[in-house]
Amino acid sequence: MWRRVASVFTLLAPSRSSVLNKVPHNLKFLEVFATEVMTPTEDGVLSKVKTPFITFVLGGPGSGKGTQCLKIVESFGFTHLSAGDLLRKETSTNAKFCDMINDTIKEGGIVPSELTVKLIQGAIDSSENYKFLIDGFPRSEENRSAFEKITGAEPNIVLFFDCPEEEMVRRVLSRNEGRLDDNIDTMKKRLKTFTALSLPVINYYSEKGKLLKINAVGTEDEVFEQVRPVFAKYEKEIR
Ligand SMILES: Nc1ncnc2c1ncn2[C@@H]1O[C@H](COP(=O)(O)OP(=O)(O)O)[C@@H](O)[C@H]1O
Ligand SMILES: O=c1ccn([C@@H]2O[C@H](COP(=O)(O)OP(=O)(O)O)[C@@H](O)[C@H]2O)c(=O)[nH]1
Ligand SMILES: [Mg+2]
C-alpha cells in the first residue's frame, strides 16, 4: 500500500503532528535514492510509506541553479523551492524580519538558519508533491546541521553547479531581475561567503558520496544534458 507522507520532518522530531510521527525515530534517509520505508500503521500492520525525495541544488551565485531547476521541474515534475525566493517573499509578508533579510542579502551574508529552515519546512509540508529541489540551501555547515536537527531529514542527492567566478559575475550582472544583490559590490561579498562557508558543505556531501558535480559552463541546454541523466536514471524509483 502506498501512502504519501504528509511531512518529511518528523523522523527526529516526534512532537510534530504528522503521518511521519508514526515512523520509528531511528529511520533516516541514509539510503541514497530510497523513497520508501516500512512503517507500522496505527493497527500495527507494516505498510510502505512514500518518503519525500530531496535534492539540494548548490553552486555559487549565478552558477545557474534556478535556471536548471526550472528545467528539472518541466521534465521530471519536481517542486522547486528556492531558499532565496522564500526569503524574498518573506520580506513582503513579514514586517518583523523584512529589514534583517534585506540587509543580510545586500551584504552577501546568510540569514539565520532557523528562519530559512522554517520557510523550507512550511513549503514542503504544504505541498502535495513528494519530490523537491531545494535550491540555494544549505549555504553553510551551520545551515546544514540546523536543517538536519530541525527536520531530521537529509538530502537524497546533492547537485553542485561548478562555475568559474568570472562567469558567475558576468551572469549575475546581466540577470536583470531588479535584485538588491545583483551588483558588483554585493557580488564580491557573496563570492567570499560562498568560498568560506558554502564550499565546506559541498565538500561534506562529496565525502558522503552524495554529490553530483555538473560543469555549469555551456548553454543552458548543454548543462541540462548533464543534469537530465541524473534524474532519468532514478525516475522510476522516485515515482
Ligand atoms: N548556462 C548558462 N549560460 C549563460 N547564462 C545562463 C546560463 N544559465 C543561467 N544563465 C543566466 O545567468 C543568470 C543567473 O542564472 P540563475 O539560474 O539565476 O543562477 P543562480 O540561481 O545560480 O544564481 C540568469 O540571468 C540566467 O538567465
Ligand atoms: O538559504 C539561504 C538562501 C539565500 N540566502 C540569502 O539570499 C541571497 C540570495 O540567494 P539566492 O539563492 O536567491 O541567490 P542565487 O545564488 O540564486 O543568486 C543569498 O546571497 C543570501 O544572502 C540565505 O541567507 N540563505
Ligand atoms: Mg537562484
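Predicted model: local features only at pLDDT ≥ 70, side-chain atom pairs only at ≥ 80, totals over all residues.
**Stop 1: ligand 2.** Select ligand 2 and show the residues around it. The shell holds 20 residues, and those that come nearest are Lys65, Arg88, Gly109, Val111 and Arg190. Colour the shell by class: seven of its residues are nonpolar, six are polar and seven are charged.

**Stop 2: polar contacts of the ligand.** Select Gly109 and show its backbone. One of its backbone N or O atoms is 2.6 Å from an oxygen atom of ligand 2. Go next to Arg190, where a polar side-chain atom lies 2.9 Å from a ligand 2 oxygen atom. Then pick Arg175, whose side chain places an N or O atom 3.0 Å from an oxygen atom of ligand 2. On its own, ligand 2 has 530 Å² of accessible area, and the protein covers 97% of that.

Stop 3: Which helix gives the largest share of the shell around ligand 2? Select α2, residues 83–93; four shell residues come from α2, the largest share.

**Stop 4: the pocket.** Ligand 2 sits in the largest pocket. Hide the ligand and look at the space around it. The volume of the largest pocket is about 990 Å³. Its lining is made up of 47 residues, and the closest to the pocket centre are Lys65, Arg139, Arg175, Arg179 and Arg190. Coloured by class, the lining shows 15 nonpolar, 20 polar and 12 charged residues.

**Stop 5: two backbone details.** Most residues other than glycine have a negative phi, and most peptide bonds are trans. Two places in this model depart from that. Select Phe137 and Pro138: the peptide bond between them is cis, with omega about 0 degrees. Pro138 belongs to the loop that runs between β6 (131–135) and α5 (141–151). Where is Asn176 found? Look in the loop between α6 and α7. Asn176 is not a glycine, yet its phi is positive, at about 60 degrees.

How values were computed: Residues numbered from 1 in each chain as written. Chains lettered and ligands numbered in written order. Heavy atoms only, no water. Near = heavy atom within 4 Å. Polar contact = N/O pair within 3.5 Å; in protein donor to acceptor, adjacent residues only side chain to side chain. Areas by Shrake-Rupley, 256 points an atom, 1.4 Å probe, with all protein chains shown as cover. 1 Å grid on protein atoms, 1.4 Å probe; cavity = no way out; pocket = protein on both sides within 12 Å on 5 of 7 lines; lining within 4 Å. Sits in = over half its atoms within 2 Å of the grid points. Helix = DSSP H or I, 4+ residues; strand = E, 2+ residues; numbered from the N terminus. Nonpolar A, V, L, I, M, F, W, Y, C, P; charged D, E, K, R; others polar. Points joined across faces, edges and corners; volume = space filled by probe spheres on them.
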